[in-house]
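Please open the model in your viewer and follow the selections below in order.

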Amino acid sequence: GSTIGVLGGGQLGRMMALAGSNLGYRFIALDPTTEAPCGQVAGQIVAGYGDQEAARELAKRADVITYEFENVDAEVAALLEEEAYVPQGSRLLYTTQHRLREKRAVEAAGAKVAPYAEIASEDDLRAAADRLGLPAVLKTATGGYDGKGQWVIRSEEEIGPAYAELSRAGTELVLEQFIPFVKELSVIAARSPRGEIKTFPVAENIHVDNILHVSIVPARADASVLKEAERLAARIAESMEAVGLLAVEMFLTGDGELYVNELAPRPHNSGHYTMEACATSQFEQHVRAVCNLPLGETTLRTPVVMVNVLGEHLDAVTEAVVTGQWLSDAESGLADVPDTAATTGFNVIPKVHLYGKNGSAPKRKMGHINLLCGDVRDGLDFIQQTNIWRNQHL
Ligand code: ATP
Ligand code: MG
Ligand code: MG
């Protein structure tokens with residue numbers, strides 16, 4: 001079997017390795033921490049992402065190289081492209097590492113983004129705020145995640161402080177018009193070097209404190225909107241000649257317009273639902289795409305709600321697992337969804353995925369649960385009644 005090298009050893013790499021092992025591939029991950037989640041199921045090189053020696057070693061030991069996050073050092077990516085087979089190329093990374101380049105690529109594919117402006121000075125910001133109107137969202141062009149590196153500017157008085165704060169990062173900034181969305185949606189597209197493209201069903205995403213809380217599939221929106229969202233994602237993957245997965249985050253407005261928020265050239269948290277709910281998981285699809293195998297079917301087999309397990313939820317979830325209430329086995333029970341009221345009290349089968357991370361901390365992603373349901377309402381009610389997440393807004 002061939003060996004797949006993964007830049008990054010977090011949970012995305014781990015689930016990629018778990019899926020790819022079943023296809024007979026071996027995995028090796030490069031990660032700075034000795035106990036990376038992926039390293040527990042794959043070989044591991046312990047070194048920084050910018051370490052050229054380590055990158056060379058990865059190139060020697062792997063037949064194919066991919067990545068599980070987009071902030072890989074650009075020089076390392078270029079070096080790997082020269083010394084190893086990186087089917088995704090470094091261009092896709094280069095584009096998605098930078099919000100301005102990314103927006104231009106989305107526009108070139110014929111999709112809409114929120115009106116935006118490039119910001120190089122506080123004067124730029126004042127002029128752009130004037131032109132785009134407030135509220136508006138100021139973001140660092142690179143390096144942001146989980147809402148870090150952004151500021152929603154609601155009044156003139158916030159312009160100075162917002163600029164002072166975000167310009168400290170030393171990267172370019174971008175100001176975006178605030179889109180008063182009714183829902184956030186995402187679509188994961190896969191494209192292989194031979195040009196085959198498939199999209200997964202649209203997920204409806206709810207964030208809490210800028211961290212994904214639940215993904216609901218099927219998304220509760222008009223069929224025409226869902227069709228258009230999938231079409232846009234496929235169109236963007238095609239236009240960028242992406243290889244592997246491309247996750248496309250979108251805003252849906254009240255009048256049915258879709259705006260692309262950002263892209264991720266890798267498996268995405270909002271695609272974890274595919275693990276049991278689709279004919280093929282996003283992780284197997286990614287491996288298939290980078291290895292240029294035929295892509296798998298993406299049909300949804302059952303309604304599903306994915307809920308993230310953060311550090312503050314881990315003890316209660318672990319308790320439910322060890323007492324046998326919740327299972328992780330991937331295949332059992334799909335046909336029994338309507339009959340599970342006896343164990344969970346709801347028409348829900350919880351499929352647990354914990355990442356084996358060392359050091360639980362509040363807000364840290366420690367796992368997720370796919371709630372296979374009769375109807376997504378069952379999954380949402382289940383989450384509310386467990387008293388683990390305690391949310392009022394589902
Ligand atoms: P991620 O963790 O998904 O990578 P991120 O830190 O890169 O997030 P974004 O996805 O750009 O940041 O923004 C985070 C959230 O902030 C969005 O999911 C959305 O809820 C809100 N948001 C961002 N930009 C806008 C906008 N232009 N209009 C309205 N809301 C926005
Ligand atoms: Mg992001
Ligand atoms: Mg985002």
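This is a predicted model: local features need pLDDT of at least 70, side-chain atom pairs count only at pLDDT 80 or more; totals for chains, interfaces and linings use all residues.

**From the whole chain to the ligand**

Residues are numbered from 1 along each chain as its sequence is written, and chains are lettered from A and ligands numbered from 1 in the order in which they are written.

Orient the view along the principal axes; the C-alpha atoms fill a box of roughly 60 × 50 × 40 Å. Colouring by secondary structure shows 13 helices and 17 strands, which are DSSP runs (helices H or I, at least four residues; strands E, at least two) numbered from the N terminus.

Next, colour the domains, whose bounds come from an automatic or database assignment: domain 1 (3–86), domain 2 (115–177) and domain 3 (183–385). The C-alpha centres of domain 2 and domain 3 lie 31 Å apart.

Now select residues 103–291, the span annotated "domain: ATP-grasp" in an unreviewed UniProt entry. This span is 30% helix and 31% strand, and its end C-alpha atoms lie 28 Å apart.

Finally, centre on ligand 1. Which residues come nearest to ligand 1? Of the 16 around it (C-beta atom, placed from the backbone, within 6 Å), they are Ala114, Gly144, Tyr145, Glu176 and Ile179. Domain 2 and domain 3 each supply at least three residues to the shell around ligand 1.

Technical notes. UniProt positions are given in the numbering used here, feature names are shortened, and annotations may be inferred rather than shown by experiment.
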